[in-house]
Amino acid sequence: MALVDIKVPDIGDFDEVAVIELLVKVGDTVKAEQSLITVESDKASMEIPSSAAGVVKELKVKMGDKVKQGSVVLVLEAAAVSSPPPLREGGVGADVAAPTSSPASASAGVPPPQPSPSGGASKSGPVEVHVPDIGDFKDVAVIEVMVKVGDTIKAEQSLITVESDKASMEIPSSVGGVLKELKVKVGDKLNIGDLLAILEGAVGGSPAPSPQPSPESGSSSSPAPAGEGGGEGGPAQARTVPTSALPPHEPGAPSGQLPHASPSVRKFARELGVPLDELKGTGPKGRITQDDVQAFTKAVMAGAASTKAIAAKAPAAGSGGSGAGLNLIAWPKVDFTKFGPVERRDLSRIKKISGANLHRNWVMIPHVCNHDDADITELEAFRVSTNKENEKSGVKVTMLAFLIKACVAALKKFPDFNASLDGDQLVLKQYYNIGFAADTPNGLVVPVLKDADKKGVLQISQEMGELAKKARDGKLSPGEMSGACFTISSLGGIGGRYFTPIINAPEVAILGVCKSQMEPVWDGKAFVPRLMLPLSLSWDHRVIDGASAARFNAYLGQILGDFRRVLL
């Protein structure tokens, strides 16, 4: 076995291009030519293949790193070192190749324009624009048309986007002029030399610099420069796509930009018929991942989501429809500046992601909320004494740790609360992972304490502290925020009395707790001061009924009132 450095091959004039996706991890066994990372310029994204087979011993890059030709991607323990695979720019299973680039175009990660037939002279008659030589291009699909007949095209302006299974790129015009005829449509297969378009009044000559956006660029007759806004986006104008070429959904992104996803993810989505422009990416910078595509597919099949094509067939408001499409009136458009000064601020990434999930959960899950109070007088006294006894250990026991342990006991007694709805089946879980809401400077996140049934209160407290610190520092991994069976949202440190927490799908219940306070409680003879903890249990009425919810809350209160019941 030999350790081999796998480097970025020669894929053109690649100067400091960002890593946007890691496709392997340490310990993975990779094959020769298997894709390792995805990189992106302002006009193309492509996957970098391995030049050898073996086991990944060390990753030398991370998300957001800048790489160029010769940069070390990872260290591989290889049985034998093979020569780098031939670099090609298209075709099924092809690696990404280095297009023959001129300095003006290669630095942007796009192919050079084909020289015009005029050799630099102006032509008033029609001029044909062909697919230039950008590598071994064979039957590569057109996935986006960026211009329409009548548009004024500049030299080097992008006309279409094509995609192989490992790269997507924009094809520029070799000349400027007015587009008289478009010879391709979405879904067509192209090869080098194929006719793209016919321009009139075309002007050849030296390549013109990429057009820069101007304040006056709102005209519908002149498209915005391709790649504006970064990533794989095309011009921010309406595109004409023949209906016959469309899959059974609307392919154009609402923003006028190509969905932010790697070529392999877009291919996977096309195979499933998933409209990427309707997905909200959870990857870096909103990038759509394969998991996002799979989750959307499952949601559609379960009836929890709908594509625009399906929604368009829903009956209009007031037509006596089923209401499955909600049939809501449009959100009001208000010019707030008419009423006084305003400030606009972008939502944080966490709030964007959580907001979409919360909206879905509130709309799709029939919530019911039970409120109750638990007497924690003795439990709080025990907690205080426990902390005094364990002062030197550095582990501070919180009431939330006791709540987690109490919830595990309640979930064992009422297994329907430790379940998830999957179509017409109920998935009853045999493990007890408890999520707890953690307040951070960037918004609310939910770390998950795994196997809470196998841990004592001290261990739970310690792990909760570690997870909460990671949450505040923004260092929680996806694995530390997934797999929960039941969630607790505690406002105890802030205040309040009762609230209605939103269920964290695919769970079927969530417990909200507020600040405990001393209250006079009648014991049969007199009012005595007791420390009461408000409980708010939200539950999914498709799975749980009112009687079960009342019993769950009552049992949870009994455990908190006498924690010895946990042992029963």
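Tutor: The answer starts with the basis of the values, then goes to the helix pair, the sheets and the confidence.

This is a predicted model, in which local features need pLDDT of at least 70, side-chain atom pairs count only at pLDDT 80 or more, and totals for chains, interfaces and linings use all residues. Residues are numbered from 1 along each chain as its sequence is written, and side-chain values use heavy atoms, with hydrogens and water left out.

Two packed helices are described by the angle between their axes and the distance between the axes. For helix H7 (residues 399-413) and helix H8 (residues 457-473), the axes come within 9 Å and cross at roughly 120 degrees. Helices (H or I, at least four residues) and strands (E, at least two) are DSSP runs numbered from the N terminus; axes are lines fitted to C-alpha atoms, for helices over the stretch in contact, with angles from 0 to 180 degrees between N-to-C directions. H7 and H8 are therefore oblique to each other (under 35 degrees is roughly parallel, over 145 roughly antiparallel, 65 to 115 roughly perpendicular, the rest oblique).

On the H7 side, Leu400, Ala401, Phe402, Ile404 and Lys405 meet Val457, Ile460, Ser461 and Met464 of H8, contact being heavy atoms within 4.5 Å. By class, this contact has seven nonpolar, one polar and one charged residues (Ala, Val, Leu, Ile, Met, Phe, Trp, Tyr, Cys and Pro are nonpolar; Asp, Glu, Lys and Arg charged; the others, Gly among them, polar).

As for the strands, an open antiparallel sheet of eight has the order E7-E2-E4-E5-E13-E12-E10-E15, pairing requiring at least two DSSP bridges between two strands. E3 pairs with E6 (residues 54-59) over two bridges, with Thr29 bridged to Val55 in E6.

The chain has a mean pLDDT (the predictor's confidence in each residue, from 0 to 100) of 78, with 74% of residues at 70 or more. Residues 205-256 fall below 50, and this stretch has 97 contacts beyond near neighbours in sequence in the model.
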